[in-house]
Amino acid sequence: MAAPLFAVSYLVPSDREMIQRSDDIVVATAVTSAVERTPEGGIVTRYYLRIEDVLKGERTRGSYLRLTEIGGSLADLTLEVSGMPVYVPGRRYLVFTNTNRDGEPETWGLELGQFALEKDGEGRPMALRNTGLAFDANNFESYSEKTRDARGFMDYIRGIVAQNIDPTPAYFFDPAPAKKLHENDIHAQVFTRASYLVTGAPRWQSTPNASVRTASAPSGGINGVNPVTSAIGTWNSTAGNIAYSYFGQDDTATAGFTSHDSKNAVLYGDPNSEVAPPVLARGGYWTSNAPYSFGGENFKAIDGGIDVVVDNFSFTQCLLNVVILHEMGHTFGFRHSNQNGDNSLPCNTSLNDCTGSAVMNSSVGCSLTTLQTWDQNAVAVVYGTGPQCTTVSISGQPQNKTITQGQPANVTVTAAGSSPFTYQWYIGNPSDTSTLLAGQTTATLTHAPTTTTTYWVRVGGCNSSTADSAAVTVTVQAPTCTPPSIATQPTGTTITQGQSAQLSVGAAGTGPLSYQWFAGGTGDTSQFAGSGNPVTLSPSTTTRYWVRVTGQCAPVADSTPVTITVTTASCPDVTVGAPQATQLQSGQYSLDVTASSGGRPLTYQWFQGPLPGSGNSVGNTKQIVVPAPTVPTSYSVIARNDCGKEAASVVITINPCSDIPVITTEPLDAAIATGASATLTVAFTSTTTATVTWYRGAAPNKTNQAGTGATLNTGALTATTQFWASIINGCGEKTSRTVTITVGTACTQPSIVSQSNGTTKFKGETVTLTVAATGTETLHYEWYDGVSGDQSRPVGTDSNSFTSAVLTNPKLFWVKVRNTCGSANSNTIVIDVKPPKYRSVRH
């Protein structure tokens, strides 16, 4: 029975957003699983996990969590879904959950909500996950997954749930080498056809020749056909006998992954609810799992019926182009260029061709939209002439050199032939393998000889071929040493009693150099004062100091003495102003204070509580950031100087804020002639003062400000451009939709020619209203219940006619007609409703 395989694309949110959007977050150990057939004929796997700890939600320790994931394998049918979380019995996981459409718990965001709890090579606990093709939700550029310290990540989750932690993550680190996350093993050979494919080696048995059609269209006015035809042309142009073609628009091709209809479709708008944020798209193909052999390798036949399902998401054109080009690459069976065939990391370079520079990399952005060397090689090897082997040879011999004792040799060999290559360096003459240099396995020899030494290297290549270099001699000279000397003498200074001063010296000579400072005259070593350069000193009385510099050879160098003059002064009082609270766009508040003490250095301690200078300690810097309060919350600060005096500020109280601006009318797209301008307007409500700032580009990119105020004139435009508006008041920020001003085509705003008049209906009847309008196509219709201009109660569909529900009371209706360059509102249509008319009966 045929079974679909999938690739998946993610729009990765921040950890904070993922925590907030999840229903439950638990630490649990996988126990068992069961595969079941759904009533609709699908397949799901139910995983059972025993909960060890609860970070969010109402679940309890020791209870069981059942997760339902799409996909699995039965005796007669297999459904393999890329991005499907796999839970291995006995393994511990950090799991984020949400609820599927049947009300059952599932992993949030497919693999994005599953973290395996592992340890790196140094024993540090890590939280690891797979991310597939991933884009950053902040800027739509490629997303790079980082390793999380498991304990720090869990503390952060608890803090976000309790709203008592700085939301800036501080738990990422670079791990020592550790085992991979994914559960499957690699089944690939170096540069074989199968090494470029996902695990199981699915491959078209003959020329890939799908006739691809598009169904529906992407949201936001983005062109959905060009990405498909462009991707087809790009892959067809490779040296691999690929012959995809574009069938055309076919809105009947809506099966997607629910059944095998062989229609080879790109489905926009996710008609079957098969993808949902943070998932952007899934692409794949159907395979009967029928085995066949080709070129001495074994494969599973791809039978056609390729599908790419795209979420109902407001893509940028560039982002959609990249997603379609990448997902189409998976329909040939290709793996990610930077991962093994089972999506595990790191990519095994001894078995696979590995690179991060490819369209098929697991993370790409708009900056990489053409096929790279890896993509071209994958097509040529899998569907072209197959793997090629040019035996290894030495194209560049290592060269003799002279070094100073203690330095590395740093001699290099250059190899030619089919990569990858292996290297092993030896001491002696070629073919003498008696003195192997452990760890010297790269093209460059880094061994540091103590005497003149002769080396050679053996280079390994494909098909077990080897090549030996010529002998290379590294001549070692005795090191030279320059005694230390004083280049710049230290300089004296004056301080107030209780303060400190820094002294420094400029020295030369063969390093490393060390510095010892002494009190007294030069040569007097009885009063050691400190080491290092510079050195910080805090004398209570006027004192002379000098420094001795020691190098790698004698003699030492002594500086001339300098004086730190200490003056007495009384300790000034500390003055503290009232703290200032400023709300940030995140909703948090920045607290700052102004304090002084006659020039003395100050330290700060912030408190949460109703009394000045007391309560819970919440920070020890001049400026701190605190969470947005849910109830009135008070803060104060104590400032201290370095001679013992302090003062507390008055208390500042921050009240909860709920008046974030509300947009009542979004700015509209427009089409203009080249050199013309467009006027954009956003309408909003705010009970407090709000500012409007316009930006050029797609929200939330704020790199290019375009203007301020509720109305923006774009100025003369010569190319299609996007704009959006940010509305900020004292409670936070609201962003408008991204509008597109299409340049090159003039556009006529809608104008209403005729509309239905008011009428009278009996209670229990319905009324049908119509409107006729002119303007540049396509026109869209928005019907509303209420007076003209009131958009609070939308009714009806995008049609020039509207039939009401059964009428029970008098009603008011109106319609807005819009296109890409404007809109027009109809007059209010009054529908009077009378009691039903009953026929009289006489007896």
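Predicted model: local features only at pLDDT ≥ 70, side-chain atom pairs only at ≥ 80, totals over all residues.
A residue counts as partly exposed when its relative accessible area falls between the buried limit, under 20%, and the exposed limit, over 50%.

Select Leu 812, which belongs to strand β66 (residues 811-819). Because its relative accessible area is 30%, Leu 812 is partly exposed.

**Second stop: the disulfide.** Next, select Cys 481 and Cys 553. A disulfide is a covalent bond between the sulfur atoms of two cysteines. In this pair the two sulfur atoms are 2.0 Å apart, and the count of disulfides in the model comes to 1. Where do Cys 481 and Cys 553 lie? Cys 481 is found in the loop between β29 (472-477) and β30 (485-488), and Cys 553 in the loop between β37 (543-550) and β38 (557-558), so the pair ties together parts that are 72 residues apart in sequence. Viewed along the S-S bond, the torsion is about -95°, and the disulfide is therefore left-handed. Cys 481 is partly exposed, with a relative accessible area of 34%; Cys 553 is also partly exposed, at 21%.

Move to residues 373-383, which form helix α5. Its buried residues are Trp 374, Asp 375, Ala 378, Val 379, Val 381, Val 382 and Tyr 383. To see what they pack against, display β14 (202-204), α3 (225-236) and β19 (297-302).

In soluble globular proteins, nonpolar side chains tend to be buried together. The largest nonpolar core here has 36 residues, and those touching the most other members are Val 228, Trp 235, Tyr 244, Phe 332 and Phe 334. Two or more residues of this core come from each of α3, β17 (265-268), β19, α4 (317-330) and α5. Which element gives the largest share of this core? It is α5, with 6 residues.

Apart from neighbours within four places in sequence, Phe 334 is in contact with residues including Tyr 196, Leu 197, Trp 235, Gly 329 and Met 360. Its contacts also include Ala 378, Val 379, Val 382 and Tyr 383, residues already seen as buried in α5.

**Last stop: a second core.** Finally, select Ile 19, Phe 153, Tyr 156 and Ile 157, which are among the members of a second, separate core of 21 residues.

Methods
Residues numbered from 1 in each chain as written. Heavy atoms only, no water. Helix = DSSP H or I, 4+ residues; strand = E, 2+ residues; numbered from the N terminus. Buried < 20%, exposed > 50% of the residue type's maximum accessible area, 1.4 Å probe, protein only. Disulfide = S-S within 2.5 Å. Contact = heavy atoms within 4.5 Å. Core = buried A, V, L, I, M, F, W, Y, C linked by side-chain atoms within 4.5 Å.
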